[in-house]
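Please read these points with the model open beside you.

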Amino acid sequence: NTTADDFTGNVTFNQASGTIQPAYNLASTFRGNVSVDGATAITFGANNGTITFAGGNAQNVNRNGTASPVFRRMLMNKSGNAVTLTTDVSITTNATFTAGVLNTTTTNILNFANGSTVTGGSNASHVDGPVVKIGNASFAFPTGDNGFYRAISISAPTTATHAFRAEYFKASQAFGGPATFPAGIVTVSSCEYWLLDRIVGASNVNVTLSWNTPDCTGPYITDLTDLRVMRWDGAAWVNQGNGGTTGNATAGTVITSAPITSFSPITLGSTSYD
């Protein structure tokens with residue numbers, strides 16, 4: 001309660017009965033694997049504390065029992081390697097990405113609960129894999145792939161129980177070529193795309209995409225006014241418009257011109273070749 005802990009090796013918290021509350025009131029550091037074992041969830045940082053992943057070792061977060069862990073606050077602050085989830089984990093207050101990548105899968109996913117937030121995010125620190133956000137607040141998913149950070153954001157859903165899942169791919173889209181472009185669109189990104197799915201509820205949201213031109217080969221973004229958010233509907237690309245941009249040709253964001261009502265692969269497109 002009054003002294004931070006520094007776990008230099010692997011640690012397992014076995015909650016056979018009663019309640020275990022690691023990192024309860026302060027930021028405790030974990031440098032090895034973190035495992036939980038029990039029939040009820042173990043909450044890290046249950047009061048004002050934070051679970052901090054640090055050090056240069058590759059780390060796993062494991063579940064040996066039936067209940068998945070809860071991180072009230074999490075800080076990624078590693079000097080090397082990554083943290084890999086082998087269980088789903090819920091963030092209930094905040095996750096901060098300073099240094100180090102968190103690997104997830106569709107099964108072993110990072111869930112942001114209603115009311116939770118995210119801070120930071122860069123090429124050096126993000127989530128490589130899918131992320132879920134539950135709730136009725138706007139949110140920027142801290143997504144990346146293979147050392148490239150690229151956030152995708154949604155406006156506030158209408159209901160606290162509604163949920164969206166996002167994942168970023170640093171790869172050329174293979175969904176459809178020029179024959180599938182709508183009128184007025186001449187290019188669709190060959191550098192990157194996102195999967196954005198509405199998994200619970202029926203909220204329609206504005207979507208904001210980001211770019212960092214140096215991360216893509218050759219000229220990428222040059223004229224912000226020509227940018228469009230493009231969505232693949234299973235047969236063709238749909239123009240979701242340009243409701244405003246931030247930044248410049250090097251780095252910035254573009255938002256849809258109206259809320260999206262269907263969700264699928266999403267990327268950047270342009271009305272010109274520049």
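1. Phe169 is partly exposed, at 21% relative accessible area, while Tyr193 is buried, at 14%. Buried means under 20% relative accessible area, exposed over 50%, and partly exposed in between (1.4 Å probe, protein chains only). The model is predicted: local features need pLDDT of at least 70, side-chain atom pairs count only at pLDDT 80 or more, and totals for chains, interfaces and linings use all residues. Residues are numbered from 1 along each chain as its sequence is written, and side-chain values use heavy atoms, leaving out hydrogens and water.

2. The whole structure holds 16 aromatic pairs. Rings of Phe, Tyr and Trp (its six-membered ring) pair if their centres lie within 6.5 Å; planes under 30 degrees apart count as stacked, over 60 as edge-to-face and the rest as tilted. The Phe169 and Tyr193 planes meet at 15 degrees with ring centres 5.0 Å apart, so this pair is stacked. Phe169 belongs to strand S18 (residues 163-169) and Tyr193 to strand S20 (residues 193-200), so the pair ties together parts 24 residues apart in sequence. Strands (E, at least two residues) are DSSP runs, numbered from the N terminus.

3. One aromatic cluster is formed by Phe7, Phe13, Phe30, Phe44, Phe53 and Phe71.

4. An open sheet has five strands in the order S14-S17-S21-S25-S24, with antiparallel pairing. Two strands pair if DSSP finds at least two bridges between them. Strands S14 (139-141) and S24 (245-247) are at the edges with a single partner strand each, so one side of each lacks a neighbour in the sheet. Within the sheet, Ile152 stands opposite Leu209 in S21.

Notes. Helix = DSSP H or I, 4+ residues; strand = E, 2+ residues; numbered from the N terminus.
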